[in-house]
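Okay, thanks for making time, everyone. Let me put the structure up and then walk you through a few spots.

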Amino acid sequence: MALGINPGIRKLKINPTGMDLSKVFNHIEALGWTSVNTRSTTDGQWGMLSLRGYSSDPRKAGKPAEECAPRLANDGEVIFTGPNVALSKEFVKEKVYDGYEFEVEYLHEGGELQNCSIRYGDVFNIIEDILEPLPCEFQRIRFAKLEAGAFLEPHTDAIDQSFGLNDGSIARIAVPLKTNPGATFSSFPQGLDGAERKIHLELGHYYYTDVKGWHCINNTGNEDRIHLLIDCVSNKDIRRLILQ
Ligand SMILES: O=C(O)CCC(=O)C(=O)O
């Protein structure tokens, strides 16, 4: 049975992490962020660095276009007609992502799922402690930076069919590693015409974020916001943690 549950955003009952991550941030700055341009961000305002993904190169945070195969929308409309179309930036931008301008290279990463070269470096060992309470295997694990003053306008990641809570689907957990009160995550559980549910994700806590639904993020603070985005492979234990 497909799980029709749409929990939007939920705080998980896991004790928040409270470690000093300054060495991690310094190291990431030295390695450099990979800029992901969207319609509302340019020139590194939205940046990624990968610990696990489809390349050993931490700068390659994308996933295979095959994850975004053909499917039908509820009203019967074909909303993504095949992997090759993912290579058309225009189509992805205008027709599929509806507001989220994915870079072609970002979407079309071709390798096997693997740990990136930096994952077990001494500096990042500390991140393993953050992952430890999550009872599941992992797909991609990324640091994501939203610069001070930047925002991602409302979008859905529904292009990626792997999101969900059924066994084997992907549940995204976000853990704020650096944040400020002006950093918010908004979800629109009834769609864009419905109410906006805006919350600040607290430092070190774990949040399930339903990125298949409409959402946007904002950083009106004076400091960058850095989240660890953990793509969990759903199973009954992680589902229980999310839905309890
Ligand atoms: O950083 C986040 O929590 C969400 C990022 C986001 O909007 C996305 O990956 O689609």
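So, how do the residues of the shell around the ligand divide into nonpolar, polar and charged? They come out as seven nonpolar, three polar and one charged. For the bookkeeping, Ala, Val, Leu, Ile, Met, Phe, Trp, Tyr, Cys and Pro count as nonpolar, Asp, Glu, Lys and Arg as charged, and the others, Gly among them, as polar.

Quick caveat: this is a predicted model, where local features need pLDDT of at least 70, side-chain atom pairs count only at pLDDT 80 or more, and totals for chains, interfaces and linings use all residues. Numbering runs from 1 along each chain as its sequence is written.

Back to the ligand. The residues surrounding it are Ala144, Leu152, Asp157, Ala174, Phe185, Thr209, Val211, His215, Ile217, His227 and Leu229; the cut-off is a C-beta atom, placed from the backbone, within 6 Å. Strands S13 and S14 each supply at least two residues of that shell. Helices (H or I, at least four residues) and strands (E, at least two) are DSSP runs, numbered from the N terminus.

Phe185 takes us to strand S10, residues 183–187. In a regular strand the side chains alternate between the two faces of the sheet. Buried means 20 or more other C-beta atoms within 10 Å of the residue's own, exposed means 12 or fewer, and partly exposed is in between, with C-beta atoms placed from the backbone.

S10 runs antiparallel to S13 (215–219), joined by five bridges, and Thr184 has Asn218 as its bridge partner there. S10 also pairs with S11 (197–199), again antiparallel, over three bridges, with Ser186 opposite Lys198. Pairing takes at least two DSSP bridges.

Next, helix H6, residues 236–243: its buried residues are Ile238, Arg239, Leu241 and Ile242. Looking down the axis, they fall within an arc of 160°, so they line one face of the helix; the arc is taken over directions from the helix axis to the C-beta atoms. On the other side, Lys236, Asp237, Arg240 and Leu243 are exposed. The cover over the buried residues includes S1, S9, S12 and S14.

Last stop: Asp167, in the loop between S8 and S9. Beyond its neighbours within four places in sequence, Asp167 is in contact with Ser234 and Asn235, contact being C-beta atoms, placed from the backbone, within 7 Å. Asp167 and Ser234 are 67 residues apart in sequence, yet 5.0 Å apart C-alpha to C-alpha.

Key. Two residues are in contact if their C-beta atoms, placed from the backbone, lie within 7 Å.
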